[in-house]
Amino acid sequence: MTNTPKQHPLLLPEILRLIMPLLARRDILSGVLVCSTWNRTFNALLWKTVSLAQRWQIEKDPSLSPSAELLHRNALHIRQLSCRDLYIANQLIPGCCWLEKLDAGCVGPQIVTLLKQSSKSLKWVSLKRDSFNDGVVSADEMVEPLASCEKLETLMLQDFTIQQHETPTSAAASAFSSSNNSTSHGDGGGNGGSENTTPTVVQNVIQRFYQAIKNLHHLELHNQSVMEPPTPILTIPMEQSFTPLTFDNFITHSSLSLPSPYASPHFVPSLPNLRTLRLFRSRMNLLDQVRLLHHCPNLITLTWHVRGTTHLIEDLSLDLHVMFLNLRALDMSWSSLLDADIASVLRRTPQLSKLNLQRTNVGLLSLAVITGQAGLEGAAQGFVGDDNNLEGGEGQASLLGMREHLLELDIRNCSQIPSQQILNILKTFKRLKDFKSSLIEARDIVDSAHEDWACLDLERLHINIIEVPMLRTSLSSGEEEQRQILKQLGRLTKLETLVLFEGVLSSGVRVTTQSLDLSLASGLDELRTLGKLRVFNVGKLMHSMGQAEYEWIAKHWGGPNGSLREMTGHLCPKAVFVSDIALMTKIFETQMPHVVLHEVRI
């Protein structure tokens with residue numbers, strides 16, 4: 001019996017695999033050169049994640065990319081790939097066949113091949129159209145490999161179009177002919193008639209796309225991402241076929257034939273696994289967007305940026321209450337939906353904990369849902385009535401549910417919300433942790449001096465306080481009001497982030513109204529109770545802070561034991577000499593070296 005020589009532990013691949021994740025990249029590069037055993041083991045980790053630059057960047061600086069020989073030799077080890085150039089992607093074929101994550105900034109035959117090669121391992125795919133570098137790839141050529149990815153969980157499409165073609169190519173028709181015969185459902189048509197070949201092929205492309213996304217957990221469609229359903233979904237008279245398919249058309253043209261909203265369109269399967277859906281400025285028909293949402297019963301996060309001026313209508317009677325029952329985070333910022341449409345969606349989101357309505361048409365109807373005040377709803381002009389699907393008890397439950405669960409709310413740059421209603425929101429939601437709003441009038445805060453003007457558990461507050469009396473024009477009243485405002489802010493003892501003025505736009509006009517002075521004379525010392533403050537942002541506020549104020553900040557927030565870690569704004573917007581700004585900077589360098597300073601020029 002022969003004795004096998006003992007091997008050093010650091011030469012055992014099992015030990016090395018435990019050590020490698022703890023090493024920095026430069027240490028891994030050094031380890032590759034130690035010996036052949038380390039080279040083989042470390043090389044797999046070194047090539048696990050690869051990000052390839054574009055060809056013009058490589059031609060300018062060859063060190064940005066490994067050689068074609070190295071890429072070809074180590075393609076088998078790549079698990080995460082970011083590629084922006086089809087020419088370089090050629091070097092990864094056929095070795096790169098175990099990808100788990102693919103981020104392609106251009107789409108061509110090479111990317112299609114990579115998708116097919118890694119169909120058994122891909123979990124995350126991001127595809128972006130690039131008009132300069134893209135190869136000629138039809139929609140069905142991209143849909144097929146996506147549908148074959150068995151483990152795909154996340155899909156992101158940007159500037160991508162999946163649509164019907166009136167005259168498919170003969171190659172596409174032949175490619176789908178076999179699957180068409182095996183998967184066709186009886187729709188009243190023949191099995192092999194030539195007049196049925198074209199729509200059947202188109203229908204299969206759409207079906208295959210939904211087949212590809214039916215097991216997804218996260219779906220993201222950016223910008224011009226389009227999914228157009230086949231023509232049987234809507235029956236449009238020939239003389240009206242030129243009319244764009246918007247929600248307004250469904251009211252105007254009574255001859256449009258709509259299927260039952262509760263009947264699932266045959267080309268959209270249920271998507272029970274989808275947890276996150278993001279629609280960014282999609283050119284997809286708005287009705288089809290709603291139908292897509294209707295088939296996602298378990299959504300937790302929804303980002304819905306609606307473009308154009310299309311108006312949702314209640315006559316469709318979509319059961320949105322059931323659809324949004326599990327929703328926790330809703331982002332409708334920068335959407336063009338009207339106030340009534342936003343309110344209609346909000347009524348069906350009783351479990352929301354995060355709501356973003358920045359720069360939308362939020363008005364009295366939506367505020368009635370957010371705050372639970374029926375009086376606002378009745379005061380809104382043009383209000384037709386409450387939804388037929390929500391009975392009185394269910395509607396009240398949804399309002400109370402939003403009030404109980406909402407933790408984060410963003411209503412910045414919503415021009416239809418008056419200042420008093422913004423403060424009413426702050427009073428109504430006692431569990432708010434993060435609140436962002438614009439243009440709160442100083443008088444409204446001062447008038448609430450004898451009550452809780454906001455949720456005392458707030459941790460992040462972004463507000464623009466306007467119409468503050470200027471100290472130099474009305475010394476006594478102005479100083480007292482500013483002190484009252486800062487005293488109210490000082491009551492929010494759990495604040496970690498305080499943003500007082502970001503210089504944002506309101507209705508397209510930059511806000512220049514006089515705001516807080518923030519001098520010790522006007523009550524800056526009232527903020528001494530903010531012992532947990534980590535971020536202080538005064539943006540483009542025309543404050544009067546000087547040497548005394550910054551030394552006070554260093555003493556109470558920015559010292560060695562202080563909580564402040566970041567400050568943003570103009571150090572001294574009213575300074576006359578450059579030496580004054582240099583003095584403020586020196587205070588940060590000497591007394592608050594751990595505080596990151598972001599200077600903003602006005």
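A residue counts as buried when its relative accessible area is under 20%. Cys149, with a relative accessible area of 7%, is therefore buried. Keep that cut-off in mind, as it comes back throughout this briefing on a predicted model. In brief, the structure holds 15 salt bridges, 4 aromatic pairs and 0 disulfides.

**Cysteines**

- How many disulfides does the structure hold? The count is 0.
- Cys414 has a relative accessible area of 7%, so this cysteine is buried.

- Pro94 sits in the loop that joins helix 6 (86-89) to strand 3 (101-104).
- Trp334 isn't a glycine, yet its phi is positive, near 65°. You'll find Trp334 in the loop between strand 11 (329-331) and helix 14 (339-346). Its relative accessibility is 42%, so Trp334 counts as partly exposed.
- Leu439 is another non-glycine residue with a positive phi, this one near 60°. Look for Leu439 in the loop between strand 14 (434-436) and strand 15 (440-441). A relative accessible area of 24% makes Leu439 partly exposed.

**Around helix 7**

- Gln110 is part of helix 7 (residues 109-117). Is Gln110 buried or exposed? At 15% relative accessibility, Gln110 counts as buried.
- Leaving aside residues up to four places away in sequence, Gln110 touches Leu86, Ala89, Asn90 and Ile93.
- Val112 and Met142 are 30 residues apart in sequence, but their C-alpha atoms are 6.4 Å apart in space.

**Helix 12**

- Helix 12 (residues 286-294) is mostly covered, with 9 of its 9 residues buried.

**Aromatic rings**

- A search of the whole structure turns up 4 aromatic pairs. In one of them, the rings of Phe209 and Tyr210 have centres 5.7 Å apart and planes at 80°, so this pair is edge-to-face.
- Phe209 counts as buried because its relative accessibility is 2%. Tyr210 is buried as well, at 4% relative accessibility.
- Phe536 and Trp557 make an edge-to-face pair too, at 5.4 Å centre to centre with 75° between the planes. This pair links distant parts of the chain, 21 residues apart: Phe536 is in strand 21 (residues 535-539), and Trp557 is in the loop between helix 21 (547-556) and strand 22 (566-569).
- Both Phe536 and Trp557 are buried. Ring pairs also bring in Trp552, so that Phe536, Trp552 and Trp557 form a cluster.
- For a charge meeting a ring, go to Lys101, which lies over the face of Trp124 at 4.4 Å from the ring centre.

- Some background first: side chains of opposite charge can pair when their charged atoms come close.
- Asp103 forms a salt bridge with Arg84, and their closest N and O atoms are 3.1 Å apart. The two are 19 residues apart and link distant parts of the chain, with Asp103 in strand 3 and Arg84 in the loop between strand 2 (80-83) and helix 6. Arg84 counts as partly exposed, at 29% relative accessibility.
- Asp434 and Arg460 meet through their side chains in a salt bridge of 2.9 Å, N to O. Asp434 belongs to strand 14 and Arg460 to strand 16 (residues 460-462), 26 residues apart. Asp434 is buried, at 6% relative accessible area, whereas Arg460 is partly exposed at 25%.
- Which residues are linked in a network of salt bridges? They are Asp434, Lys436, Glu459 and Arg460.
- Asp525 and Arg483 also meet in a salt bridge, at 3.5 Å from N to O. Here the partners are 42 residues apart: Asp525 is in the loop between strand 20 (509-510) and strand 21, and Arg483 is in helix 20 (residues 475-490). Asp525 is partly exposed at 23% relative accessibility, and Arg483 is partly exposed with a relative accessible area of 23%.

How values were computed. Residues numbered from 1 in each chain as written. Predicted model: local features only at pLDDT ≥ 70, side-chain atom pairs only at ≥ 80, totals over all residues. Heavy atoms only, no water. Helix = DSSP H or I, 4+ residues; strand = E, 2+ residues; numbered from the N terminus. Buried < 20%, exposed > 50% of the residue type's maximum accessible area, 1.4 Å probe, protein only. Disulfide = S-S within 2.5 Å. Contact = heavy atoms within 4.5 Å. Phe/Tyr/Trp six-rings, centres within 6.5 Å; stacked < 30°, edge-to-face > 60°. Lys NZ or Arg CZ within 6 Å of the ring centre and 35° of its normal. Salt bridge = Lys/Arg side-chain N within 4 Å of Asp/Glu carboxyl O.
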